[in-house]
Amino acid sequence: MPETVIDTNILIYDTFEDSLYHKEASHILDSLNRWIIPLIVIYEYAWFLKGLKMSTADARDKVLEYITSEKSVLVKEGLDEIRWAISTLVDEGLSLSRFNDKVVLSVALRRNVPLATFDEKLRRQASNIGVALVPETL
């Protein structure tokens, strides 16, 4: 597969070998030619590592491992993605707690590329608007 937007949980599962979807996440990343990583995903990933009380140096190494990979394209979300995300939350009557997911989804929608995630709610939202999913099924 040429390129796919990567959700935070793909990075998390890939990072930890004892995690539920570690093999699947690693396989997804290995099989792609390009990882489209929204900047918001990096923020979420860093905060997740902080929550695990990972040292700052170890977190730096993990973040840099992903964003400096030859496969990685870091995407800065802009006005269009934020406007779409917040408007979609209002239109769908969803909580602001889903804002980050909508921003990630917006990047996949606007680039017309699949979204890699294990988040069931995000998968349903993507499917409802015609965004292809990786993996195709869970």
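Helices (H or I, at least four residues) and strands (E, at least two) are DSSP runs, numbered from the N terminus. The model is a predicted one: local features need pLDDT of at least 70, side-chain atom pairs count only at pLDDT 80 or more, and totals for chains, interfaces and linings use all residues. Residues are numbered from 1 along each chain as its sequence is written, and side-chain values use heavy atoms, with hydrogens and water left out.

H7 itself covers residues 120-128, and Leu 122, Arg 123, Gln 125 and Ala 126 are its buried residues (buried is under 20% relative accessible area, exposed over 50%, partly exposed in between, with a 1.4 Å probe and protein chains only). Looking down the axis of H7, these residues stay within an arc of 165 degrees, so they line one face of the helix; the arc is taken over the directions from the helix axis to the C-beta atoms. Their packing partners are helix H6 (99-111), strand S4 (115-116) and strand S5 (133-134), where contact means heavy atoms within 4.5 Å.

Beyond S5, the following segment holds Thr 137. With 62% relative accessibility, Thr 137 counts as exposed. Thr 137 sits 14 residues from Arg 123 in sequence, and their C-alpha atoms are 9.5 Å apart in space.

S4 and S5 belong to an open sheet of five strands, ordered S3-S2-S1-S4-S5 with parallel pairing; two strands pair if DSSP finds at least two bridges between them. S3 (72-75) and S5 are the edge strands, each pairing on one side only. Between S4 and S5, which run parallel, there are two bridges, and Ala 116 stands opposite Val 134 in S5. On the other pairings, S1 and S2 are joined in parallel by three bridges, with Glu 3 partnered by Arg 34 in S2. Four bridges tie S2 to S3, again parallel, and here Ile 37 faces Leu 74 in S3. Four of the five residues of S2 are buried, so this strand is largely enclosed by the rest of the structure.

Then there is the largest nonpolar core, with 37 residues, in which Val 5, Ile 6, Ile 10 and Leu 115 touch the most other members. Such a core is a set of buried Ala, Val, Leu, Ile, Met, Phe, Trp, Tyr and Cys residues joined through side-chain atoms within 4.5 Å. Setting aside neighbours within four places in sequence, Ile 10 is in contact with Ala 25, Ile 28, Leu 29, Ala 116, Thr 117 and Phe 118.
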